[in-house]
Amino acid sequence: MTATIFACNDSIENPADPTVLINTNSDELSQRLSLEGGGVIGITSPSNPSGRVLDDDDAEKISLVLVSQASSPEYEGNTLQATHVDIDDDYAYVAYNTAGPTFLGAVEIIDISDAYKPKIVSQVIFRHADVSAVEYRDGLLFLAMGMDIDQMDVDGPANLGVVSVSEGQFTSDFRYYSVPGFVATDVTASSQFTAIVSGSDGALTLFDRSFDKLEERASGDLRSVAHEDNRIAILDGTSGAVVLNANSLSEVSSINTESDEAQAKRTIDIEDGYLYIAKGRNGAGIYRMSNGQEESLVAIPINPENVEPGDVVTNAVSVDDELLFMANGAAGISIADVDDEDDVELYGVLDLDGSSNFVRFEDEFIFVATGNGGIQILKIKKYDDDDDDEDDEGSGVSCEGLDPYRGNSNLNVNGNEKAAYSGSAQLKNVNIGGEFLFCGSLAIENNLNVNSNGLMHVVGSFAFGQYRKNTSINVNSNSTLRLTGSTVIYGDLRLNSGATLEFVGEDNVITIYGDVQINSGARIIGDFKDTEGKLD
């Protein structure tokens, strides 16, 4: 089946296909985005719930900022819930469905080209179809869907949906290809094929780039599919995972897993020949794709009080750049370093509100589907050796050869001291009485004081504080806060009498969401762009 869409500047009912509703009014759609809870996000240690995993030697490894939250879209009194996310370059693609027997789904496209100011640019509502998963590849968007066959002109309820997209817009007709089963649960695409799985008497179905069916492998309860090179992995909720040759669907290896709750969401992911499996109450498993050998089991790190045991389950896994994120329901989002797959280092649990049903980590972004149906958008920076070569041109300082910060998350630089570091660091509280230089990506959770005669200079990316949570930067008399690069302040900024806020170099950008107090005698000098107009 093909459903025609029309270019538009607002929400319209498609006259050619009343089952589809398109909205490209970005201002209207983006009203659902909120800064609530935004700012630098801490990581709680599972071994010390009152403390932080970054308190000591881990402070240099990662920094996390919650840049926005989006509430769920609504249609005719129904609240949709986020089910899946894919990320590619400047855009994220979010799939939605509706809980219960109602067929009602959506896909939204979010522009993340400005990392700290995402905006929803397009939306399609499917009046008689759910969307379980979404995948972008080479200008096409692939959807795993379940449809009301009494309302849709399709051969069966489980379908692959396909549409062209460009620069955040839907640019072609929607096309639907029915597959076995009652609902399609996941989809993945390569330059050669599209693989879609369907649950409840469903199958793994392979299509070529012309959407002619190549192969089909029946299975009773398929939940997820992923691919790497010429290998396809599928997860069945009853029989476990199987790795297949993409050309013939012949079996390469198999992995037995405990039979899972019917219709529960479980995902898999692949990186560098290893398969990562969400295993419900058993956390996540890491396996060699070549032979199915188990390398590690990663347990859910916390068990919250007053929560039903069935709500503490790993629903989804996502791995990129040797970091594993696990969506653990009421136990939140946990993060682990999987550089060594058989000796996983658990970092802890992200300090986010609410439960988590899905997580997607790609490049510098993390998208979380929350228990209330909306999404949380985070930006992450992981320490990398390349960060030691941070571009210091125009900053007036040299960043070459600086060591990464490896100290406590409460940093003090006394009046007679000088300190200089590079890389990526997340700190809790900082007091500067002497001189402090940081080159790279710096995040501070709570408070920053640049005391009298102190000098602090950040070259690169600087994120501070939490939105409306009593966090503040205080720059005191005869002290200087010097910035080169991009700065986002979620808390408050106070420039006391005799203080200096100095921007060094070109193309400096500062965004301040909190309150600003500039006392008499304070100076703001240098070239910069003030996105919120708070420094006028």
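**Close-up views of side-chain contacts**

**View A. Arg217 is partly exposed, as its relative accessible area is 27%.** Under the cut-offs used, buried means under 20% relative accessible area, exposed means over 50%, and partly exposed lies in between (1.4 Å probe, protein chains only). This is a predicted model, in which local features need pLDDT of at least 70 and side-chain atom pairs count only at pLDDT 80 or more, while totals for chains, interfaces and linings use all residues. Residues are numbered from 1 along each chain as its sequence is written, and side-chain values use heavy atoms, with hydrogens and water left out. Glu251 is likewise partly exposed, at 47% relative accessibility. A salt bridge joins the side chains of Arg217 and Glu251, with an N to O distance of 3.9 Å. This pair connects distant parts of the chain, 34 residues apart: Arg217 belongs to strand β21 (residues 213-228) and Glu251 to strand β24 (residues 251-255). A salt bridge is defined as a side-chain nitrogen of Lys or Arg within 4 Å of a carboxyl oxygen of Asp or Glu. Helices (H or I, at least four residues) and strands (E, at least two) are DSSP runs, numbered from the N terminus.

**View B. Glu532 and Lys117 form a salt bridge between their side chains, at 2.2 Å from N to O.** Glu532 lies in the segment after β47 (529-530) and Lys117 in the loop between β12 (105-111) and β13 (119-126), so the contact ties together parts that are 415 residues apart in sequence. Glu532 counts as partly exposed, with 31% relative accessibility; Lys117 is also partly exposed, with a relative accessible area of 30%. In total, the structure holds 13 salt bridges. Side chains of opposite charge can pair when their charged atoms come close.

**View C. A network of salt bridges links Asp86, Arg360 and Glu362.** Between Arg360 and Glu362, the closest N and O atoms are 3.3 Å apart. Arg360 is buried, its relative accessible area being 17%, whereas Glu362 counts as partly exposed at 22%.

**View D. A surface patch of negative charge gathers Asp89, Asp90, Asp321 and Asp363.** Patch members have over 30% relative accessible area and no salt bridge, with like charges joined within 9 Å and nonpolar side chains (Val, Leu, Ile, Met, Phe, Trp, Tyr) within 5 Å. Accessible areas come from the Shrake-Rupley method with a 1.4 Å probe. Asp and Glu count as negative, and the charge of Asp is placed at CG. Asp90 is located in the loop between β10 (81-88) and β11 (91-97) and is partly exposed, at 39% relative accessibility.

**View E. The structure holds 12 aromatic pairs.** One of them, Phe126 with Phe174, is edge-to-face, at 5.3 Å centre to centre and 85 degrees between the planes. Phe126 in strand β13 and Phe174 in strand β18 (residues 174-178) are 48 residues apart, so that distant parts of the chain are linked. Phe126 is buried at 1% relative accessibility, and Phe174 is buried at 0%. The rings of Phe436 and Phe438 form a tilted pair, with centres 6.4 Å apart and planes at 50 degrees; both residues are buried. Rings of Phe, Tyr and Trp (its six-membered ring) pair if their centres lie within 6.5 Å, and planes under 30 degrees apart count as stacked, over 60 as edge-to-face and the rest as tilted.

**View F. Phe142, Tyr177, Phe207 and Phe211 are joined into a cluster by ring pairs.**
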